[in-house]
Amino acid sequence: MASRERVTSAFAPDLDEIRAWLQKMIATLRFIEMITAIVALIGRMRDLNTELVAQLAHLRRARPRQIRYAR
């Protein structure tokens, strides 16, 4: 199995770096590595989306109204 090289930062992706990496993979006929990276990206996006949906559901859940007392 190929080593996992980082194409760009996960926190601030550089689209030009990604484009250059994809072009290099196509030019050198390294399709399996390219597909593996794309599938890993889709899996990571799915995991992040699931986490964000859960956070949003938690924030939107119905909460009892807060009782306020007059001073």
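Helix H1 (residues 15-27) packs against helix H2 (residues 31-60) at an angle of about 145°, and the axes lie 8 Å apart. Axes here are lines fitted to C-alpha atoms, for helices over the stretch in contact, and angles run from 0 to 180 degrees between N-to-C directions. Helices are DSSP runs of H or I with at least four residues, strands are E runs of at least two, and both are numbered from the N terminus. H1 contributes Trp-21, Leu-22, Met-25 and Ile-26 to the contact, and H2 contributes Phe-31, Glu-33, Met-34 and Ala-37. Contact means heavy atoms within 4.5 Å. Seven of these residues are nonpolar, none is polar and one is charged. The nonpolar class holds Ala, Val, Leu, Ile, Met, Phe, Trp, Tyr, Cys and Pro; Asp, Glu, Lys and Arg are charged; the others, Gly among them, are polar.

This is a predicted model: local features need pLDDT of at least 70, side-chain atom pairs count only at pLDDT 80 or more, and totals for chains, interfaces and linings use all residues. Residues are numbered from 1 along each chain as its sequence is written, and side-chain values use heavy atoms, with hydrogens and water left out.

H1 has 13 residues and reaches 18 Å from its first C-alpha to its last, close to the 18 Å expected at 1.5 Å a residue. That expected span is 1.5 Å times one less than the number of residues. Asp-14 caps the N-terminal end of H1, with a side-chain oxygen 3.0 Å from the backbone nitrogen of Asp-16. After H1 comes Leu-29, with a positive phi near 55°, although Leu-29 is not a glycine.

Buried means under 20% relative accessible area, exposed over 50%, and partly exposed in between (1.4 Å probe, protein chains only). Of the 71 residues of the protein chain, 7% count as buried.

The protein chain has two helices and zero strands. Its C-alpha trace spans about 75 × 20 × 15 Å along the principal axes. Arg-63 and Glu-17 are 46 residues apart in sequence and 46 Å apart in space, C-alpha to C-alpha.

Note on methods:
A polar contact is a pair of N or O atoms within 3.5 Å; within protein, one must be able to donate a hydrogen and the other to accept it, and residues adjacent in sequence count only if both atoms are side-chain atoms.
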